Structures are given as structure tokens and as C-alpha cells.
Amino acid sequence: MSDPTIAITAADPGSGHITPPGPPPKANPPPKANPPPKECGAEGDILAVRGLRKTLGEGASRQTIIDGLTLSVRTGEFLSLVGPSGCGKTTLLMCLAGLYGADDGSVHFERQRVTAPPRGVSVVFQDYSRSLLPWKNNLENVLFGMWRTAMSEAQRREKAVELLHTVGLRGYEKHFPWQVSGGMQQRVAIARGLGAQSRLLLLDEPLAAVDAQTRAELQDLLLDLARRFNQTCLLVTHDVDEAVYMADRIIVLSRRPTRVVTDLAVPLPKPRDQLGTREDRTYLDLRHEVITLIRSMRQAA
Ligand SMILES: Nc1ncnc2c1ncn2[C@@H]1O[C@H](COP(=O)(O)OP(=O)(O)OP(=O)(O)O)[C@@H](O)[C@H]1O
Ligand SMILES: [Mg+2]
């Protein structure tokens with residue numbers, strides 16, 4: 001992939017132009033790094049989406065899912081994305097991960113235009129039972145996500161074991177995904193996402209299929225991992241409480257064709273706490289605002 005931040009200007013030696021006599025020309029100033037094109041996003045943005053449009057389907061059933069969507073994610077940020085059911089959240093993640101091409105507009109990851117799955121972006125899907133490979137054990141599933149990393153076989157193995165321990169699966173390395181609970185399978189999927197040494201983790205409703213107690217535990221695990229690995233995360237969730245609890249910022253999307261309706265900072269102290277944070281006035285106000293917004297979109301439908 002070419003680097004859009006680098007532009008090359010060349011002198012034209014063959015122009016035949018004769019320089020008139022006079023004082024010697026001033027030495028050229030040292031070359032300055034070209035400022036990145038504006039569309040690549042501001043300094044400190046890991047991801048920049050500009051005017052994205054995406055259509056899906058064939059013939060008469062072809063529909064515009066995303067239209068004119070613009071957003072950016074800052075390095076190290078935890079961003080929650082919420083929106084009405086079926087508005088195009090998964091489609092958006094597919095575009096961000098380079099799994100779908102844009103029909104119009106652009107996606108830049110670390111200032112490089114995304115035209116194929118970039119190194120450094122991982123996706124954790126909701127349906128762990130389909131995203132984990134059932135013929136590989138938990139350790140092998142994590143190793144599978146690490147094939148693009150610049151590590152030796154032994155280093156990968158050591159790292160994969162360490163990650164499984166970090167997500168609370170010590171002693172389950174040799175188990176197969178179908179031999180452990182749903183919450184444990186999603187822990188394997190999270191470890192795999194981290195093992196890929198991604199700089200951006202895209203999470204598509206990763207906790208939707210687990211019970212309430214496991215969900216709270218995994219929320220805190222994700223927040224802890226994001227902090228320890230300085231991991232930028234973009235979380236899609238249906239659960240407004242989860243969106244507020246986890247995020248530094250929340251983006252609310254409109255109905256289809258989707259675009260950004262509002263962008264809210266979450267100025268809640270960290271680390272978050274399942275009791276204290278959820279009783280905080282700021283938390284309750286933000287929750288109220290987001291639910292009201294989504295409800296108004298549903299009523300207008
Ligand atoms: N491959 C496809 N071909 C045609 N239409 C598709 C395809 N994938 C998704 N769609 C349509 O695009 C729309 C948005 O789907 P998408 O899964 O992105 O929404 P979502 O916001 O993630 O939904 P949910 O809230 O249920 O997770 C839906 O109407 C869906 O039917
Ligand atoms: Mg979805």
C-alpha cells in the first residue's frame with residue numbers, strides 16, 4: 001500500500017531553460033515533511049472515515065446502507081458506537097476492517113487508505129461459536145490470529161499462552177472451544193484479537209450472547225486489557241448502558257442509510273466500577289440522552 005502522506009516532487013532536468021547570470025541561487029531550504037492530506041484525519045487519529053457510502057445487495061434489492069458517514073477515532077481511545085437495529089453497524093465495521101470496499105468516501109487507518117484488511121486491525125465478532133475454529137484448541141485459535149506477526153514460532157507460543165492466562169483461561173489451553181462455556185469462548189476470541197498485535201480492535205457486539213454476570217466481568221476485562229495494552233477499541237453495542245460504561249466517547253448512528261447523529265464525550269473517571277460508575281450523575285444523564293435519541297429515531301420510523 002502506498003503512503004499517501006508522502007508526496008514526491010522532482011526537478012525537471014530536461015526543460016532546457018538557461019539560467020541568466022546573477023547571484024548564485026539560494027540554497028534550497030531543507031525539505032519539510034509534507035503535511036498529511038486533510039482527508040487522512042487529524043494528528044493523533046488512528047482511524048479517519050470521510051463521507052463513506054456503502055451499498056449492498058443486487059438488482060432491485062440493492063440498498064444504500066451507509067451514506068455520508070464521517071467519524072474519527074483517536075489513538076488509545078475507547079469508542080462506543082450505538083444505533084438502531086439494522087442501521088448498518090456491522091456493515092460499517094466491515095468497511096473499517098477492509099473487508100468491504102467503499103462505494104464513495106474513504107477510510108484511513110494510521111493515515112493509509114484502507115483498500116484491503118490492514119495489518120494492525122482485528123475484529124472480535126458477536127458469534128464466537130462461528131468465529132473460533134472448532135478443530136483447533138484454544139491455544140491454536142489464538143496462535144491462528146498471530147500468523148502475520150513478526151515473531152518466531154516459540155515467541156508466538158509463549159505470547160499466546162500468556163494472553164490466555166491474561167483473559168483468565170489458565171489451564172484451558174488444550175481445551176477445544178466447544179468444551180468451554182460461551183463466556184470462555186469469547187475470552188479466547190478476545191485473546192486472539194489481542195494476539196494479532198493489532199493497534200485497533202473492532203468489537204461487534206462481543207458480549208451480546210453471554211449472561212449478565214459474565215457480561216459485566218468481560219466488560220471489566222476488556223477495559224483492563226485496553227488500559228494495559230494501550231489498545232484503541234471501537235465497540236458496537238445495542239446496550240446503551242454498556243456503551244456509556246465502557247467508552248471515552250459515544251457515537252450515535254441514524255437509521256439506514258446510516259450516518260453520525262451525535263458524538264458525545266464520556267467524562268467519567270477511570271477505572272470504571274460496575275456500582276459506582278453506574279450510579280454517577282454523568283452516567284445517568286448520558287444514558288438518558290442516548291436512549292431518548294434512539295427512541296426518537298424509532299418513533300420517527
Ligand atoms: N451482504 C449483504 N447483502 C445485502 N444486504 C445486506 C448484506 N449484509 C447486510 N445487509 C443489509 O444491510 C442492512 C444493515 O445490516 P447490518 O448487519 O450492517 O446492520 P446492524 O446495524 O449491524 O444490525 P444489527 O443491529 O441487527 O446488528 C440490513 O438491512 C441488512 O439486511
Ligand atoms: Mg450487527
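Biologist: Which residues are around ligand 1?
Modeller: Around ligand 1, with a residue counted if its C-beta atom, placed from the backbone, lies within 6 Å of the molecule, are Leu 56, Gly 57, Ile 65, Ser 85, Gly 86, Cys 87, Gly 88, Lys 89, Thr 90 and Thr 91. This is a predicted model, in which local features need pLDDT of at least 70 and side-chain atom pairs count only at pLDDT 80 or more, while totals for chains, interfaces and linings use all residues. Residues are numbered from 1 along each chain as its sequence is written, and chains are lettered from A and ligands numbered from 1 in the order in which they are written.

Biologist: And which helix gives the largest share of that shell?
Modeller: Helix H1, residues 89-96, does, with three residues; helices here are DSSP runs of H or I with at least four residues, and strands are runs of E with at least two, numbered from the N terminus.

Biologist: Switching to the sheet, what is the strand order?
Modeller: The order is E2-E1-E4-E5 in an open, antiparallel sheet of four strands, where two strands pair if DSSP finds at least two bridges between them.

Biologist: Which strands are at the edges, then?
Modeller: Strand E2 (63-74) and strand E5 (112-113) are the edge strands, each pairing on one side only. E5 is joined to strand E4 (residues 104-109) by two bridges, and His 108 has Arg 113 in E5 as its bridge partner.

Biologist: What does Leu 234 touch?
Modeller: Leaving out residues up to four places away in sequence, Leu 234 touches Val 73, Leu 79, Leu 81, Leu 200, Leu 202 and Leu 203, a contact being C-beta atoms, placed from the backbone, within 7 Å.

Methods: Contact = placed C-beta atoms within 7 Å.
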